[in-house]
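Dear colleague,

Please find below the structure that I am handing over to you. My notes on it follow directly after.

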Amino acid sequence: MNKKIIIRTLEKIALYLELQGENPFKVSAFRKAAAALEADERSLAEIDDVTKLKGIGKGTAAVITELIDTEKSTVLEELEANTPKGLVPLMKLPGLGGKKLAKLYQELGVDSAERLKEVCEAGEVQKLAGFGAKTEEKILKELGTFGTRAERLPIWQLEPAVIEIEALLQAMPEVEKASVAGSFRRVKETSKDIDFIVATTNAQAVREQLLAQLVILEVVAAGDTKVSVILDREEPISVDFRLVTADEYASALHHFTGSKDHNVRMRQLAKSMGKKISEYGVEQQDGSVVTFESEEAFFAHFNLPFIPPAVRENGSELDRLDELAQLATVQDITSDLHMHTTWSDGAHAVHEMGEALIARGYSHGVITDHSQYLKVANGLTPERLAKQRLEIDVFNAAHPQFRLYAGTEMDILPDGTLDFEDDVLKELDFVIASIHSSFTQSQDKIMARLLTAMENPYVHMIAHPTGRIVGERNGYDPDVKTLIEWAKAYGKILELNANPYRLDLATEHLVYAMELGVPIAINTDAHAIDQLRFMDLGVRYSQKAWVKKELIVNTWTTEQFEAFIRKHKDN
DNA sequence: GCCGTTTTCGGCCCGACTGTTTTCAGTCG
């Protein structure tokens with residue numbers, strides 16, 4: 001029996017109980033049991049007694065045991081038999097929860113979207129107690145777009161909107177502080193919406209400017225403390241703004257950053273100290289409410305170190321506090337090892353990229369334009385590579401406090417050979433190998449290509465090791481586990497590509513790479529100066545996997561980095 | 001349904017918003 005199946009079954013039971021209008025605490029007990037299993041890193045076989053997990057008791061354990069023994073759950077089967085299947089998707093309709101759906105089913109026989117539409121149009125719904133004309137109208141409107149809108153959007157679609165809104169808020173004189181919150185701040189790969197916390201003494205002015213300046217498809221709510229809109233973009237994006245005072249800001253930011261599970265743990269901790277956390281502050285035993293200058297001060301109030309948003313997930317971060325100091329922050333970054341210039345498909349010249357790296361406070365960086373095979377990207381021949389090296393030398397002569405290295409992002413060709421001969425590679429400071437073609441080859445062929453790069457003594461790093469696009473394509477489907485083991489065996493760096501489009505290695509792979517002690521490089525793969533900003537995102541993504549600073553190559557000093565690339569050459 | 005160094009019963013994180021009401025339930029995050 002697969003642990004994931006058990007987790008899904010418990011969640012399904014919770015959903016069905018909800019649809020029957022069951023006690024919400026009973027419903028959440030099943031969800032908690034599922035979450036407890038998920039948060040435990042052990043496999044099913046390694047857990048001897050599930051009831052020892054907090055949140056799993058007699059009832060949920062019985063479901064789990066039955067699943068292991070018989071591969072089915074009579075509890076779920078009974079629930080499924082008593083609930084029409086068509087009700088389940090309706091839970092996703094905004095405004096409808098278990099209670100209302102249960103009533104619609106019992107009173108009007110609603111068991112599908114079609115039937116729901118019928119009874120709304122017939123005016124039956126507004127006659128029910130607790131329902132009214134507005135509810136009926138809203139359901140009809142939501143049914144109109146039901147299933148057509150993407151439920152979650154990938155981070156790369158949201159990131160440009162976040163950057164724009166941040167700039168908009170910063171330009172408003174009434175805004176004292178503002179920050180994105182929610183799952184975007186926690187660097188989730190996809191989010192349902194974007195949340196912003198705004199500190200202001202003039203909520204009305206901020207609300208009016210937001211409604212006037214954003215390109216809005218629909219205003220969902222516009223109250224004194226909350227403005228909720230859907231942006232009119234290629235893919236519509238929901239954005240919530242919480243308008244608070246400067247005093248409340250830190251507490252609100254923490255609250256709306258979540259995750260829900262993190263907040264539950266924090267509130268439990270507060271309660272055990274006789275305090276009460278709300279989004280406005282922390283109520284003390286004597287009833288007074290303490291507010292905070294910053295999230296750091298908020299955590300300090302509970303004798304906790306600052307917990308980065310990226311790790312605030314299932315609550316277990318509160319059990320790993322001693323590991324927090326080892327995580328990298330963007331201040332630890334000394335370099336970016338993967339970027340393009342006008343020599344191939346980049347937008348800026350070598351010296352412009354170099355100066356941008358200096359402006360970011362880095363001590364070194366590598367220019368890695370595409371290689372000759374990638375003609376669409378104007379890939380470099382060995383002759384052009386040699387010329388580019390001269391330009392890099394000129395830059396270095398003019399900037400003695402900084403070191404720009406000459407590198408390449410070399411294609412691993414479809415036939416499994418490399419795009420440059422060894423005598424070209426050995427002249428370069430840093431060699432990246434990556435796949436940009438024939439993604440549909442069999443896994444064996446892909447792995448054979450990657451092995452060629454691994455075995456080459458001049459290759460330092462494999463870039464974007466899976467070729468995935470977040471939320472869209474899975475890439476060229478390598479056996480990543482084996483790839484990580486090869487990196488260990490051959491002493492290569494694997495890349496966490498910080499472009500929100502890619503973000504590979506994904507979290508689970510980073511965890512395994514760290515177990516084996518494989519060095520990771522967080523690189524922006526920038527094709528323009530502006531994209532160097534992705535470093536922050538990449539570093540925070542690495543925190544999600546609890547990657548230790550010492551394994552991140554671009555926290556190393558120039559001397560450490562040079563020692564690494566030299567060792568490679570000498571071998 | 002789960003849990004307990006104040007509890008084996010009575011809580012379970014907490015508050016805003018909306019729409020339904022005339023003091024509150026349901027939904028959402």
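Lysine 276 counts as exposed because its relative accessibility is 53%; the terms used here are buried for under 20% relative accessible area, exposed for over 50% and partly exposed in between, with a 1.4 Å probe and protein chains only. The side chain of lysine 276 meets that of glutamate 283 in a salt bridge, 4.0 Å from N to O. A salt bridge here is a side-chain nitrogen of Lys or Arg within 4 Å of a carboxyl oxygen of Asp or Glu. Glutamate 283 is partly exposed, with a relative accessible area of 31%.

Please note that this is a predicted model, in which local features need pLDDT of at least 70 and side-chain atom pairs count only at pLDDT 80 or more, while totals for chains, interfaces and linings use all residues. Residues are numbered from 1 along each chain as its sequence is written, chains are lettered from A and ligands numbered from 1 in the order in which they are written, and side-chain values use heavy atoms, with hydrogens and water left out.

Salt bridges

The whole structure contains 26 salt bridges. In one of them, glutamate 313 pairs with lysine 188, and the closest N and O atoms are 4.0 Å apart. This pair links distant parts of the chain, 125 residues apart: glutamate 313 is in the loop between α14 (295-301) and β11 (335-336), and lysine 188 is in the loop between α10 (182-185) and β3 (190-191). Helices (H or I, at least four residues) and strands (E, at least two) are DSSP runs, numbered from the N terminus. Lysine 188 is partly exposed, at a relative accessible area of 29%.

Aspartate 536 forms a salt bridge with arginine 540, with 3.3 Å between the closest N and O atoms. These two residues are separated by about one helical turn because they are four residues apart in helix α21 (residues 534-544). Aspartate 536 counts as partly exposed at 30% relative accessibility. Elsewhere, salt bridges that share partners join Arg186, Lys188, Glu313 and Lys544 into one network.

The surface near DNA strand B

DNA strand B is surrounded by 41 residues, of which the closest are Thr60, Gly132, Lys192, Thr225 and Arg267. A residue is near the strand if one of its heavy atoms lies within 4 Å of it. By class, this surface has 13 nonpolar, 15 polar and 13 charged residues; Ala, Val, Leu, Ile, Met, Phe, Trp, Tyr, Cys and Pro count as nonpolar, Asp, Glu, Lys and Arg as charged, and the others, Gly among them, as polar. The elements that each supply at least two residues of it include α2 (24-39), α3 (58-70), α13 (260-272) and β8 (276-278).

Of the atoms of DNA strand B within 4 Å of the protein, 80% belong to sugar or phosphate and the rest to bases. For lysine 58, a backbone N or O atom lies 3.3 Å from a phosphate oxygen of DNA strand B.

Helix α12 and backbone geometry

Helix α12 (residues 249-257) is largely enclosed by the rest of the structure, because nine of its nine residues are buried. Among them are Tyr249, His254, His255 and Phe256. Just after α12, glycine 258 takes a positive phi of about 65°. The peptide bond from glycine 258 to serine 259 is cis, with omega near 0°, and serine 259 lies in the loop between α12 and α13.

Another cis peptide bond joins aspartate 504 and leucine 505, with omega about 15°. Leucine 505 is placed in the loop between β16 (493-497) and α20 (507-516).

Asparagine 303 has a positive phi of about 60° and is exposed, with a relative accessible area of 66%. Tryptophan 546 has a positive phi of about 55°, and this residue is buried, with a relative accessible area of 8%. Tryptophan 546 is found in the loop between α21 and α22 (558-570), whereas asparagine 303 is in the loop between α14 and β11.

With kind regards

Technical notes. A polar contact is a pair of N or O atoms within 3.5 Å; within protein, one must be able to donate a hydrogen and the other to accept it, and residues adjacent in sequence count only if both atoms are side-chain atoms.
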